[in-house]
Amino acid sequence: MSQRIRSSIIITTFAASGWLLAATAVQAAPCESLTGLKFNDATVTLAQTVAAGAMPAPAGGRGGGNPFADLPAFCRVAATLKPTADSDIKIEVWMPAAGWNGKFQAVGNGGWNGNIDQAAIATAMRRGYAAASTDTGHEGGGGAWMQNKEKLVDYGHRAVHEMTVKAKAIVNAFYDSAPKFSYFNGCSAGGRQGLKAALQYPDDFDGIVAGAPALNATGRAAFAVSVAQNLRKEQGSYIPASKYPAINTAVLQACDGLDGVKDGVIENPRACKFDAKVLACSAAESDSCLTPPQIEAAQKMYQPLKNPRTGKEIFPGLSYGSELGWGTFGGQQPFPIGTQMYQFMVFKDPAWDYKTLNFDAHMAQVDAIENGAINALEPNLKPFVASKGKMILYHGWADPQIPAESSVGYYTRAMDATGGANKTKENVRLYMVPGMNHCGGGVGTATFDMVAALEQWVENNKAPDSIPASKVTQGKTERTRPLCAYPQVATYKGAGSTDDAANFSCK
């Protein structure tokens with residue numbers, strides 16, 4: 001499927017140093033000549049050969065060094081796509097001058113997107129991929145662009161699709177060969193993009209890695225506001241960050257050993273039972289305990305947000321083990337990715353007061369405006385399965401930004417809608433990462449290679465029953481564990497080091 005060039009593209013011949021070259025010509029195109037590529041709704045704005053190590057560091061980069069200094073020579077192409085009159089989608093495609101692996105990888109974004117992720121493109125290109133990224137049709141984070149229906153659709157799914165179609169054509173023109181396989185790799189908003197691609201454009205990719213997908217963006221925004229309201233419900237409800245370690249320690253004391261291994265990681269938070277009342281005290285100034293209002297606020301962090309009238313779940317709560325990251329939703333100011341949805345997309349008022357949100361009256365209004373443009377909640381993956389696509393979903397159990405139960409709940413619904421567990425796992429698998437934060441980090445084994453596992457699955461039909469993972473600190477591997485295909489969990493065999501994956505099996 002990845003070798004198809006879609007009929008929506010019109011590529012005409014163009015002049016290159018006095019001769020004509022078509023995108024399907026026998027001889028591959030010189031990089032600079034790609035400015036002559038013609039599309040019916042896109043313009044190539046840059047086609048430049050970049051020498052090995054010559055790619056400039058990204059603007060605003062940290063650390064003083066150039067993260068691109070190790071890149072090989074490549075062809076850098078930029079284009080502007082206008083599938084609608086209101087669209088203004090920027091993309092970049094980077095293609096190795098030598099050593100191309102014959103494959104294409106699209107990379108995802110984060111937050112409200114608004115930027116081409118050159119670092120992610122570079123990571124893919126180091127593996128030999130021709131790679132592409134998009135700004136999803138706008139610059140910066142949440143803003144007035146969210147009031148434009150077409151730009152909302154571009155952000156939601158169309159930009160990635162249009163980028164993919166054009167990028168494959170550009171790759172074909174440069175190498176005189178279409179990609180043998182096409183992949184998508186993203187986390188958070190990028191995970192949502194990957195899932196959205198599987199749902200709406202099931203033929204775009206042979207394989208998709210979708211990490212911690214923000215598949216319910218409207219629900220997460222509501223949860224963010226709910227947390228902010230709960231933490232300010234009454235005098236003394238707010239939980240300062242200085243108390244997070246005490247809460248986390250209490251949770252670990254209650255649940256760490258449930259898997260038979262005391263390692264500071266909760267293997268399966270769903271088996272955990274914890275009552276924040278064990279931290280009760282009356283001394284508000286103490287960081288080792290919680291006052292009654294703080295206990296109530298803490299309990300609600302773990303509880304799903306529900307419509308107060310219908311009882312329908314709007315968004316799941318955070319998992320046990322996420323406490324050290326509660327500042328994401330529970331900081332001094334509400335989580336901006338959440339409030340920006342209401343400020344710009346819903347109420348069109350940058351000064352909107354989060355305390356006024358009604359979780360019954362306003363939810364229908366939110367749903368009507370979003371109208372399926374952003375959320376990836378549809379569980380029926382049958383078209384993607386029929387196209388023989390493969391997808392790896394993964395999520396950290398300790399994720400403090402997108403609750404892990406979001407992915408677990410979606411995968412459960414997808415199994416039901418796609419033909420049952422046995423049928424679904426032939427094409428789609430979920431891997432939960434104990435102790436991992438949002439897209440990485442945390443106390444768990446958060447170093448792994450999902451792309452390699454997906455390549456084996458797509459190209460060699462070797463489905464990953466488990467994926468090797470490590471906990472790496474300052475370059476040193478401290479622990480290894482298998483990441484098991486959900487609903488299985490890594491289970492200690494009862495002998496040997498608990499820091500060695502060989503002593504665990506998936507059950």
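At 2% relative accessibility, Ser322 counts as buried (under 20% relative accessible area; exposed is over 50%, partly exposed in between; 1.4 Å probe, protein chains only). This is a predicted model in which local features need pLDDT of at least 70 and side-chain atom pairs count only at pLDDT 80 or more, while totals for chains, interfaces and linings use all residues. Residues are numbered from 1 along each chain as its sequence is written, and side-chain values use heavy atoms, with hydrogens and water left out.

Reader: Where does Ser322 lie?

Author: Helices (H or I, at least four residues) and strands (E, at least two) are DSSP runs, numbered from the N terminus. On that basis, Ser322 lies in the loop between β11 (313-315) and α7 (327-330).

Reader: Which residues does Ser322 touch, not counting residues up to four places away in sequence?

Author: Contact means heavy atoms within 4.5 Å. With residues up to four places away in sequence left aside, the residues that Ser322 touches are Ala398, Asp399 and Pro400.

Reader: How many salt bridges does the structure hold?

Author: Side chains of opposite charge can pair when their charged atoms come close. A salt bridge is a side-chain nitrogen of Lys or Arg within 4 Å of a carboxyl oxygen of Asp or Glu. The number held by the structure is 21.

Reader: What is the N to O distance in the salt bridge of Glu92 and Arg76?

Author: Both Glu92 and Arg76 are buried. Their side chains meet in a salt bridge, with an N to O distance of 2.9 Å.

Reader: Which parts of the chain does the salt bridge of Arg481 and Glu267 tie together, and how many residues apart are they?

Author: The closest N and O atoms of Arg481 and Glu267 are 3.8 Å apart. Arg481 lies in strand β15 (residues 476-484) and Glu267 in the loop between α5 (244-255) and α6 (292-301), so the pair joins parts whose separation in sequence is 214 residues.

Reader: Is Lys355, which forms a salt bridge with Asp353, buried or exposed?

Author: In this salt bridge the closest N and O atoms are 4.0 Å apart. Asp353 is partly exposed, with a relative accessible area of 35%. Lys355 has 52% relative accessibility and therefore counts as exposed.
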